[in-house]
Amino acid sequence: MNLAATFLARIGAPVLAFLAAIGRVAIYAAEAISHIARPPFYFKEFVQSVISIGYFSLPVVGLTAIFTGGALALQIYAGGSRFSAEAVVPQIVAIGMVRELGPVLVGLMIAARVTSSIAAEIATMKVTEQIDALVTLSTHPMKYLTVPRVLAALIVVPLLVGLGDIIGVMGGFLVGTKQLGFNPTTYMKNTIDFLEAPDVWSSLAKGAVFGFIAALMGCYYGMQAGRGAQGVGRATKSSVEAAAVLILAANFVLTSLFFST
Amino acid sequence: MIELRDLHKSFGDKKVLQGVNLTIPKGESMVVIGGSGTGKSVLIKCILGLVPPSSGVILLDGEDVAKAERDAFLARFGMLFQGGALFDSLSVWQNVSFRLLRGSLKRPKAEAREIAIDKLRRVGLSPEVADLYPAELSGGMQKRVGLARAIAAEPEIIFFDEPTTGLDPIMAGVINELIREIVTEMGATAMTITHDMTSVRAIADKVAMLHDGMIQWTGPVGEMDNSGDPYLDQFIHGRAEGPIESVR
Ligand SMILES: Nc1ncnc2c1ncn2[C@@H]1O[C@H](COP(=O)(O)OP(=O)(O)OP(=O)(O)O)[C@@H](O)[C@H]1O
Ligand SMILES: [Mg+2]
């Protein structure tokens, strides 16, 4: 009896803690959304976030996409040749990049780059009493720090994903035409003919959701930071973990929503 | 006027404030002294609502602070944080006139900058400092920028958490005079935390000593030296021997 109770408590406590954490994040998300619509809106902070999230992520997004597109083309060619289906390379690269790899890889790169830097910055502000100072200067941290970052990510990450999709397809195109002997015109034509509008829309929609998650997790864990340098370190680590896991989970949910018929 | 009634605050099991009763009359300068770690900073943060009190009542002009409209309430206060708490993404002048660049007190940029430079001069900093970033300043300079920010919007009530620690004696004198001026000329209510007894004598109308989570002694600064309170005596004379344990 006692043993069983201990056993159940061992399982129960982390489950409850996990559910409570989800609840807190959900409340935080709802609060952030409600603040987006209400003035004041800090436009300058928003523009700064757009630049740091969007513009400065371009190199990492481009490199990730081009290598992935190239590798994908090689794999599909090698795999396809086992049953003489090498010709499908353009179509499968396009679908794989646009539907899955583009959004997921860009999302994860944003989690690594943006979530971590948001969390570290806000956690440092928390630890050095800058958040308290904001409040005493009649400025709501949610409006001044969270809303500009979340909104910027919500708008900019889909664009990054779109760009990543294109560059990924180009990576496949380069490998396909330079190395695998595809005719450039046919490769392009096959890609464009094969892709459908829902492929592209779903890709961008995933980007918006992943951007929202990435920025929100950075802000949330930053604001939750404990004391000292250790608090900052922990907040940063947890934020990236949470963002990456949530992005992958959301990707599964979105894929099944969009494509399971 | 600020009144604290039976204010308690614990962090987990750790009891920091255990029934603080204190009245700070309008237009007066109250100085809070007390050993390191007794909860002086926590006390100020409770009044500002940055830390929720565990129990007790805080009244501002007779009204319960917990029920007040937050923005209007905070607009009346200025605060110098113990660590400065400057925004390191903003330049010095933008820090000082943070309040004047947005929200209800917003004014043109040029005017806000003028005011910032004026306030910087009052805390003994030259206009060249205005365009630097907080990370480029020494600790004492950061403290003074924090002070300039606290007084920039000319609030009615100002809290100073250790305004002179980390400053040289001359600069400390300048800051003491400034705080005194703000109270006598602008009619502001001030609450200052300090360990510096010279500061206490220069700034205070009234003194309160926090010990063991309660106000051990409070009274006019003139009565501080012959209070007959052994705790206060030990503290103001900096004696290692006495009722206050030296290991806390
Ligand atoms: N956020 C917090 N979480 C947990 N404990 C805290 C927190 N803030 C303060 N404390 C504890 O409360 C006590 C009082 O802290 P406080 O900063 O008010 O001291 P103080 O009187 O201002 O000391 P000093 O003169 O050194 O600045 C300390 O023991 C501190 O560890
Ligand atoms: Mg303190």
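Guide: Welcome! This is a predicted model, in which local features need pLDDT of at least 70 and side-chain atom pairs count only at pLDDT 80 or more, while totals for chains, interfaces and linings use all residues. Residues are numbered from 1 along each chain as its sequence is written, chains are lettered from A and ligands numbered from 1 in the order in which they are written, and side-chain values use heavy atoms, with hydrogens and water left out.

Visitor: What makes the site of ligand 1 shared between chains?

Guide: A residue is near a molecule if one of its heavy atoms lies within 4 Å of it. Ligand 1 is surrounded by 15 residues, and Ser36(B) and Lys40(B) are among the closest. Residues from both chain A and chain B surround ligand 1, so the site is shared.

Visitor: How do you know that Ser36(B) makes a polar contact with ligand 1?

Guide: A polar contact is a pair of N or O atoms within 3.5 Å (within protein, one must be able to donate a hydrogen and the other to accept it, and residues adjacent in sequence count only if both atoms are side-chain atoms). A side-chain N or O atom of Ser36(B) is 2.6 Å from an oxygen atom of ligand 1, so the pair meets the cut-off. Likewise, a polar side-chain atom of Lys40(B) lies 2.8 Å from an oxygen atom of the ligand, and a side-chain N or O atom of Arg227(A) is 3.4 Å from a nitrogen atom of ligand 1.

Visitor: Why is the space around ligand 1 called a pocket?

Guide: On a 1 Å grid over the protein atoms alone, a pocket is an open set of points where a 1.4 Å probe fits, with protein on both sides within 12 Å along at least five of seven lines. Ligand 1 sits in the largest pocket, which means that more than half of its atoms lie within 2 Å of the pocket's grid points.

Visitor: What volume does the largest pocket have, and which residues are closest to its centre?

Guide: Its volume, the space filled by probe spheres set on points joined across faces, edges and corners, is about 1500 Å³. The pocket is lined by 48 residues, and those closest to the centre include Arg227(A) and Phe11(B). Lining residues have an atom within 4 Å of a point.
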